Amino acid sequence: MSRANPMYVIVVGGGKVGYHLTKTLITEGHEVLLIEKDRKSAEYLTDQLGEVVMAGDGCEVRIMEEAGMRRANVVVAVTGDDEDNLVICQMAKRQFGVPRTLSRVNDPNNEALFLELGIDQTISSTRVIFNLLEQQIESSQVIPLAALKKGEIEVVEADITVNSPVVGKKIGQLDLPPNTLIISVIRDDHATLPHADTKLRDGDSVIALIKAERERELRSVFTGEQL
Amino acid sequence: MKVVILGCGRVGSTIATTMFCEGHDVTIIDQNPDSFRRLGPDFAGKTLVGNGIDEDILRKADVEHADAFVATTNGDNRNIMSVQVAKVRFKVPKVIARIYDPIRASAYADLGIETLCTTCVSSGLLHDKILGVPFKDVESYCRFGMADKAMEAGHE
């Protein structure tokens, strides 16, 4: 596959991330070189990926020179050691003038440090997973707004996020717990009086009247969480 | 002087015990608690087990209040990273990295990080010892053997 603006990308570190990244970049039509320190791993990677693998320590100037780092558009450091990733990117930038450096960061606390030390972008899988988890937690928000009849009946608000299973569904299609009344859908800061055909969207807030003991069931409808 | 040393190998432990005997406040960090045996029984400075590129460990070592931070682990990159953390995050006035690779040592020296390339220095000293010529100033050994390597590395 050829593309109009192929880049020359040097990937350092032939672990799982480096391997799949290299494979994807090749498929996307970019010129790629994968540098792997361990000779055995490099041989295996060559069997799998072909002549885009170079055995050598990507932190060493001689190897960087050989890899043609001077003409690389991007250098991506994805080894399992933050200190190696830092040095690879710093050397690439300062010694070889590589315009863009990306570093995998294993300890999420190093993200800010790396940016401060001149690395253009950092990726922390720990942070990404954590953020996804947080979103999941946020999506499960069904907030009680008021209690009526001495707490027997509650007015609750459910915030619909992109992960919610009700996105795109009509209110009439929802499998709501008995004695639930949806009284309003707040969309773009406007409260609307919904009907059975109202389709729910990401960003909506649903105001409902429910029996207090049904709150968990309602939460499950909006989040997809098992009871 | 309050000094924090990273890496309790031969070099790190020697600096630690010497500076402790001279009356300095010494803290030494190593990942392997066994390595503190090198310090000997008379060392009464602080020892700390941990990874020296971890900010939390450096904070525990009270690097914030250190006058000097020296990195002497076996890993060049670990040393390079830890001194940058000490310098940028904890504003330690004097940071030094022991580096084996002459090219990396000179590259980071160019970036304003104090480095000591023991490969260059000991090769230079050995060279002069072989030839039986008197030793020169230490500075003159710091880039020993680097002339052609620097060209190779393509310094503009």
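## Domains of chain A

The domain assignment, which is automatic or taken from a database, divides chain A into domain 1 (8–131) and domain 2 (140–223). The centres of domain 1 of chain A and domain 2 of chain A, taken over C-alpha atoms, are 47 Å apart.

Residues are numbered from 1 along each chain as its sequence is written, and chains are lettered from A and ligands numbered from 1 in the order in which they are written. Because the model is predicted, local features need pLDDT of at least 70 and side-chain atom pairs count only at pLDDT 80 or more, whereas totals for chains, interfaces and linings use all residues.

## A five-stranded sheet

In chain A, five strands form an open sheet with antiparallel pairing, in the order S7-S8-S11-S9-S10. Strands are DSSP runs of E with at least two residues, helices are runs of H or I with at least four, and both are numbered from the N terminus; two strands pair if DSSP finds at least two bridges between them.

Strand S9 (residues 181–187) of chain A pairs with strand S11 (residues 205–211) of chain A in the antiparallel sense over five bridges. Val206(A) in S11(A) is the bridge partner of Val185(A).

## Chain B

Chain B contains six helices and six strands, which follow one another from the N terminus as β-α-β-β-α-β-α-β-α-β-α-α. The C-alpha atoms of chain B fill a box of roughly 45 × 35 × 25 Å along the principal axes.
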